[in-house]
Amino acid sequence: MRRAGLFGVPRVRPWSWQAFLLGLVVVGVSGALQGVCVALGAKLYFAAFLPSLFVLGFVAGAPAAAFAALLTIPLVWWAFIPPFFQFTPLNSAGADSVNLFCIIAVLLIGLADLCRETMTIVSRGGLKPSGESAATNSQ
């Protein structure tokens with residue numbers, strides 16, 4: 001693990017087994033937190049998973065976050081969408097929730113990957129001028 005330049009956040013290589021193991025742990029912890037939210041009466045099926053996907057994408061990279069998002073869908077379908085602990089065909093509301101989660105997950109993972117790449121550029125000293133660019137063309 002290397003340290004990023006922002007607040008000493010540890011970073012994991014994106015395609016390593018540690019990144020995917022971290023993704024599995026994040027899904028488990030988010031599932032437990034979602035279980036507590038459901039026990040308290042929350043009806044948002046994917047609420048605890050979305051912030052963790054962003055953090056996972058920033059720390060471990062896009063592949064691990066995509067892996068975690070793919071694990072999240074059957075877990076939520078099985079454990080949190082009624083009838084609980086059964087795979088039954090999704091009704092319209094459940095299918096809409098899954099589709100919305102997929103769209104938001106793709107956007108959050110992309111944003112986390114951009115933040116990760118930006119931190120890499122900043123930690124190397126920023127962008128270097130390449131001599132002449134289109135903005136300073138003297139024609």
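What percentage of the 139 residues in the protein chain is buried? Buried residues (under 20% relative accessible area, with over 50% counted as exposed and the range in between as partly exposed, for a 1.4 Å probe and protein chains only) make up 31% of the chain. The model is predicted, so that local features need pLDDT of at least 70 and side-chain atom pairs count only at pLDDT 80 or more, while totals for chains, interfaces and linings use all residues. Residues are numbered from 1 along each chain as its sequence is written, and side-chain values use heavy atoms, with hydrogens and water left out.

The protein chain contains four helices and two strands, taken as DSSP runs (H or I of at least four residues for helices, E of at least two for strands) and numbered from the N terminus. Their order along the sequence is β-β-α-α-α-α.

Ser-16 belongs to the loop between β2 (10-11) and α1 and is buried, at 5% relative accessibility. Its side chain makes a polar contact of 3.2 Å with the side chain of Gln-18. Such a contact is a pair of N or O atoms within 3.5 Å; within protein, one atom must be able to donate a hydrogen and the other to accept it, and residues adjacent in sequence count only if both atoms are side-chain atoms.

Trp-17 is part of helix α1 (residues 17-39) and is exposed, with a relative accessible area of 60%. Together with Leu-21, Leu-24, Val-25 and Val-29, Trp-17 forms a nonpolar surface patch of about 530 Å². Patches are made of residues with over 30% relative accessible area and no salt bridge, with like charges joined within 9 Å and nonpolar side chains (Val, Leu, Ile, Met, Phe, Trp, Tyr) within 5 Å. A salt bridge is a side-chain nitrogen of Lys or Arg within 4 Å of a carboxyl oxygen of Asp or Glu. Accessible areas come from the Shrake-Rupley method with a 1.4 Å probe; for residues, only the protein chains shown count as cover. Ser-30 also lies in helix α1, but is buried at 5% relative accessibility.

The largest pocket has a volume of about 150 Å³. On a 1 Å grid over the protein atoms alone, a pocket is an open set of points with protein on both sides within 12 Å along at least five of seven lines, whereas a cavity is a set where a 1.4 Å probe fits but cannot get out; lining residues have an atom within 4 Å of a point. Grid points are joined across faces, edges and corners, and the volume is the space filled by probe spheres set on them. Helix α4 (residues 92-123) supplies the largest share of the lining, four residues. The lining residues include Tyr-45, which is placed in the loop between α1 and α2 and is partly exposed at 23% relative accessibility.

Phe-58, in helix α2 (residues 49-60), is buried at 12% relative accessibility. Its C-alpha atom is 8.6 Å from that of Leu-111, 53 residues away along the chain.

The loop between α3 (62-79) and α4 holds Pro-83, and the peptide bond from Pro-82 to Pro-83 is cis, with omega near -5°. Phe-85 is in the loop between α3 and α4; this residue has a positive phi of about 60° although it is not a glycine, and is exposed at 53% relative accessible area.
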